[in-house]
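How does one read cores, salt bridges and surface patches in a protein model? The dialogue below takes these features in turn.

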Amino acid sequence: MPEDPIAKEGIAAPTRQAWSRAVPFRGGGFAPSSHRAAAWIAFAVVIAAWQFGSSMGYIHPLTLPSPEEILTALADLARSGDLWRHLSASLGRLAMGWSLGTLAGLAVGLALGMFSIARSVGLPFVSALFPIPKIALLPLFIIWFGIGEPSKVATILFGVFFPTVINTYSGVDNVARSLIRMGQSFDMPTRDIVFKIVFPGALPAILSGFRISASIAIVLLVAAEMIGAEWGVGALVLAAGNLMQTDYLIAGVVLLSLIGLTIGIVLSRLEALLLRWR
């Protein structure tokens with residue numbers, strides 16, 4: 001009978017039995033969840049500290065107005081009706097530019113991800129034009145489209161187009177080719193392969209691109225409204241800064257933050273609805 005190598009090393013029998021026991025499963029994985037109460041508490045603490053510093057004179061009102069002064073400025077804008085004029089102008093431009101840029105980006109991104117000719121021709125152009133700061137092209141758009149609404153919408157469209165193309169192309173490129181080949185083996189029409197296999201598989205990357213493009217759209221919106229716009233949150237911020245009205249300036253920044261927060265919530269709901277299969 002062969003000699004037990006474990007016994008030969010002088011290891012006790014209980015230790016050998018412990019080694020032979022099954023290891024209990026403890027791997028829960030990474031499953032982060034959102035705690036809304038924690039976010040609200042953090043906001044409340046920051047605002048309370050801000051108000052306390054302003055009330056005690058630690059923060060100069062010209063440097064950073066208190067939350068109370070900012071709320072007063074927002075209330076004044078609401079009473080005069082200017083708040084709704086600024087918001088409606090900005091939201092209209094944002095919706096138009098983001099929608100057009102997203103639709104164009106989705107179409108081009110799908111083409112780059114699925115067709116060799118489109119990828120060979122289009123990808124170098126996208127790679128060359130994407131790093132260009134879109135704000136730098138605003139004067140050119142004004143020359144092309146005039147100082148009115150078309151130039152502002154074009155600036156947002158151009159800025160939204162490229163991140164949408166890149167995220168859509170990357171999402172399509174990462175779809176498992178075995179699923180596409182399986183659909184082709186079962187004689188699925190090309191349209192069904194695109195809308196039932198390719199597009200759903202690329203959807204997580206596409207929705208992530210929506211978050212990036214929405215943030216870029218807000219930045220470009222402010223830049224476009226600071227040039228030749230009578231109404232808009234960017235025009236409000238610029239006018240308040242020129243007059244050293246920092247309470248109105250920060251009120252405009254708060255409005256931009258609320259717009260971004262609202263868009264983020266809408267996109268989160270959209271992800272929960274469309275990505276239930278994950």
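What follows is a set of questions and answers on this predicted model.

Q: Which residues touch the most other members in the largest nonpolar core?
A: In soluble globular proteins, nonpolar side chains tend to be buried together. Here the largest nonpolar core has 24 residues, and L94, I156, V233 and L255 touch the most other members. At least two core residues each come from α4 (67-80), α5 (82-114), α8 (149-173), α10 (190-225), α11 (233-242) and α12 (246-274). The largest share, six residues, is supplied by α12.

Q: Which residues is V233 in contact with, leaving aside its neighbours within four places in sequence?
A: With those neighbours left aside, the contacts of V233 are H86, L87, S90, E225, G252, L255 and L256.

Q: Which residues does the second, separate core include?
A: That core has 15 residues, among them I197, L207, L267 and L275.

Q: How many salt bridges are there?
A: A salt bridge is counted when a side-chain nitrogen of Lys or Arg lies within 4 Å of a carboxyl oxygen of Asp or Glu. The count comes to seven.

Q: Are R93 and E225 buried or exposed?
A: Both are buried. They form a salt bridge whose closest N and O atoms are 2.8 Å apart. This pair links distant parts of the chain, with R93 in helix α5 and E225 in helix α10, 132 residues apart.

Q: What does the salt bridge of D173 and R119 tie together?
A: The two side chains meet at 2.9 Å, N to O. Because D173 lies in helix α8 and R119 in helix α6, the pair ties together parts 54 residues apart in sequence. D173 is partly exposed, with a relative accessible area of 32%, and R119 is partly exposed at 26%.

Q: Which residues make the nonpolar surface patch of about 470 Å²?
A: The patch is made by I117, V121, F125, L129 and I132. V121 sits in helix α6 (residues 116-129). A patch residue needs over 30% relative accessible area; V121, at 48%, is partly exposed.

Key:
Residues are numbered from 1 along each chain as its sequence is written. This is a predicted model: local features need pLDDT of at least 70, side-chain atom pairs count only at pLDDT 80 or more; totals for chains, interfaces and linings use all residues. Side-chain values use heavy atoms; hydrogens and water are left out. Patches are made of residues with over 30% relative accessible area and no salt bridge: like charges are joined within 9 Å, nonpolar side chains (Val, Leu, Ile, Met, Phe, Trp, Tyr) within 5 Å. Accessible areas come from the Shrake-Rupley method with a 1.4 Å probe; for residues, only the protein chains shown count as cover. Helices (H or I, at least four residues) and strands (E, at least two) are DSSP runs, numbered from the N terminus. Buried means under 20% relative accessible area, exposed over 50%, partly exposed in between (1.4 Å probe, protein chains only). A nonpolar core is a set of buried Ala, Val, Leu, Ile, Met, Phe, Trp, Tyr and Cys residues joined through side-chain atoms within 4.5 Å. Contact means heavy atoms within 4.5 Å.
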